[in-house]
Amino acid sequence: MAIRYAIQPSPDGLAQAFLIGADFLAEGPAALMVGDNLLNA
């Protein structure tokens, strides 16, 4: 598995996170992992 990521420079919402990551998607499937949810699980 290859993992690539982009950093969201300011906390401007989940929709912005997908906009920042749009170049990674290439119209393929996507999942968004929210770091604070992972750390508090």
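**Contacts, pocket and confidence**

Author: Setting aside residues up to four places away in sequence, Arg4 touches Asp23 and Phe24, where contact means heavy atoms within 4.5 Å. This is a predicted model, in which local features need pLDDT of at least 70, side-chain atom pairs count only at pLDDT 80 or more, and totals for chains, interfaces and linings use all residues. Residues are numbered from 1 along each chain as its sequence is written, and side-chain values use heavy atoms, with hydrogens and water left out.

Reader: Is Arg4 buried or exposed?

Author: Arg4 is placed in the segment before H1. Buried means under 20% relative accessible area, exposed over 50%, and partly exposed in between (1.4 Å probe, protein chains only). Because its relative accessibility is 56%, Arg4 counts as exposed.

Reader: How many Å apart in space are Arg4 and Gly21, C-alpha to C-alpha?

Author: In sequence, Arg4 and Gly21 are 17 residues apart. In space, their C-alpha to C-alpha distance is 9.6 Å.

Reader: What pattern does the protein follow along the sequence?

Author: Helices (H or I, at least four residues) and strands (E, at least two) are DSSP runs, numbered from the N terminus. The protein has three helices and zero strands. Read along the sequence, the pattern is α-α-α.

Reader: Where in the protein is confidence highest?

Author: The confidence score is pLDDT, given by the predictor for each residue from 0 to 100. The protein averages 78, and 83% of the residues score at least 70. Confidence is lowest in helix H3 (residues 35-39), at a mean of 63, whereas the highest value, 85, belongs to H1.

Reader: Which residues does Ile20 contact, leaving aside its neighbours within four places in sequence?

Author: Ile20 lies in helix H1 (residues 14-20) and counts as partly exposed because its relative accessibility is 28%. Ile20 and Ile7 are 13 residues apart in sequence and 8.1 Å apart in space, C-alpha to C-alpha. With those neighbours left aside, the contacts of Ile20 are Ala6, Ile7, Gln8 and Pro9.

Reader: Is Leu19 buried or exposed?

Author: Leu19 also has its place in helix H1. The C-alpha atoms of Leu19 and Gln8, eleven residues apart in sequence, are 9.8 Å apart in space. Since the relative accessible area of Leu19 is 66%, Leu19 is exposed.

Reader: Which residues are the closest to the centre of the largest pocket?

Author: On a 1 Å grid over the protein atoms alone, a pocket is an open set of points where a 1.4 Å probe fits, with protein on both sides within 12 Å along at least five of seven lines. The largest pocket has a volume of about 810 Å³, the volume being the space filled by probe spheres set on the points. Of its 23 lining residues (those with an atom within 4 Å of a point), the closest to the centre are Arg4, Tyr5, Ala31, Leu32 and Met33.

Reader: Which element gives the largest share of the lining of the largest pocket?

Author: The lining divides into 17 nonpolar, five polar and one charged residue. The largest share of this lining, four residues, comes from H1.

Reader: What percentage of the residues of the protein count as buried?

Author: The protein exposes about 3,900 Å², of which carbon and sulfur atoms supply 61%; the areas come from the Shrake-Rupley method with a 1.4 Å probe. Of the 41 residues, the share that count as buried is 5%.

How values were computed: Nonpolar A, V, L, I, M, F, W, Y, C, P; charged D, E, K, R; others polar.
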